[in-house]
Amino acid sequence: AGHASGADDGGEIRSVNNAKGQAEMEAVKALGFPLLFKGYDVEAGIRLFEANKIQQVDLGKYGLSPIPLPGGNKPLLGLSPAAVKFLFADPNVASDARIKSYPCRELWCDAGPLVRRSEQVTPAQRNKTLEKLAKSIKLREDQAKKLNKNGGGNKGHDHMLDVLKECESAIRFRAEALAQREKETEDLMKGLSQMAVDEEAFPSLGGPATQRASKGKS
């Protein structure tokens with residue numbers, strides 16, 4: 001089930017160091033977002049945590065928050081709300097002020113920073129982003145099937161799946177629109193080039209050849 005706005009996810013932190021989160025981090029990196037929180041490398045913080053070389057109290061400076069797991073298992077890691085805003089929100093874009101957390105719809109929607117950035121990168125970067133988003137979506141869909149099969153859904157999981165699909169679709173739509181505009185521009189330039197050739201070849205069209213002939217008669 002979808003949610004009307006990012007606020008509906010309750011500010012829940014989603015993992016960025018499991019298979020789904022790793023794919024999403026690869027997607028945003030492909031868009032050219034540096035994963036640096038106030039000078040600290042987010043991915044370095046994750047590596048330190050997984051190697052047991054950092055205390056949980058020090059995760060915050062890397063823009064990370066622990067996500068407790070039942071049974072005393074080692075926590076997963078998510079981006080802190082402060083890190084999400086720092087890494088992705090543009091202070092000059094009013095709607096970005098509503099980005100409060102990683103699952104927030106305003107981060108992933110058509111008007112959000114990820115989709116906007118997709119128009120500014122190369123086709124190869126855009127394709128890699130779409131590939132990684134598709135990977136996360138597939139993993140989440142498989143997980144959703146298992147959850148539903150076992151008789152229990154997960155509202156936060158369903159919300160994250162919704163916003164990822166929305167982001168993927170918006171990037172694809174913008175990529176197609178961009179390709180169409182580029183084709184139209186290319187066709188226009190070819191047409192103008194052909195007109196110049198025709199004017200040179202056929203003096204009756206008033207091109208340079210006609211102008212030279214007129215000067216010769218005067």
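Helices here are DSSP runs of H or I with at least four residues, numbered from the N terminus. Residues are numbered from 1 along each chain as its sequence is written. The model is predicted, so local features need pLDDT of at least 70 and side-chain atom pairs count only at pLDDT 80 or more.

**Exercise 1.** Determine how helix α1 and helix α6 pack.

Solution.
- Step 1: the axes, lines fitted to C-alpha atoms over the stretch in contact, are 8 Å apart for α1 (residues 19-30) and α6 (residues 123-149).
- Step 2: the angle between N-to-C directions, on a scale from 0 to 180 degrees, is about 165 degrees.
- Step 3: α1 is therefore roughly antiparallel to α6, a label for angles over 145 degrees.
- Step 4: contact (heavy atoms within 4.5 Å) involves residues including Ala23 and Ala27 of α1 and Lys132 and Leu139 of α6.

**Exercise 2.** Which residue forms a salt bridge with Lys29?

Solution.
- Step 1: a salt bridge needs a side-chain nitrogen of Lys or Arg within 4 Å of a carboxyl oxygen of Asp or Glu.
- Step 2: the partner of Lys29 is Glu43, with the closest N and O atoms 2.9 Å apart.
- Step 3: Lys29 lies in α1 and Glu43 in α2 (residues 42-50), so the pair ties together parts 14 residues apart in sequence.

**Exercise 3.** Locate Met189.

Solution. Met189 sits in helix α7 (residues 155-201).

Technical notes: Heavy atoms only, no water. Helix = DSSP H or I, 4+ residues; strand = E, 2+ residues; numbered from the N terminus. Parallel < 35°, antiparallel > 145°, perpendicular 65-115°, else oblique.
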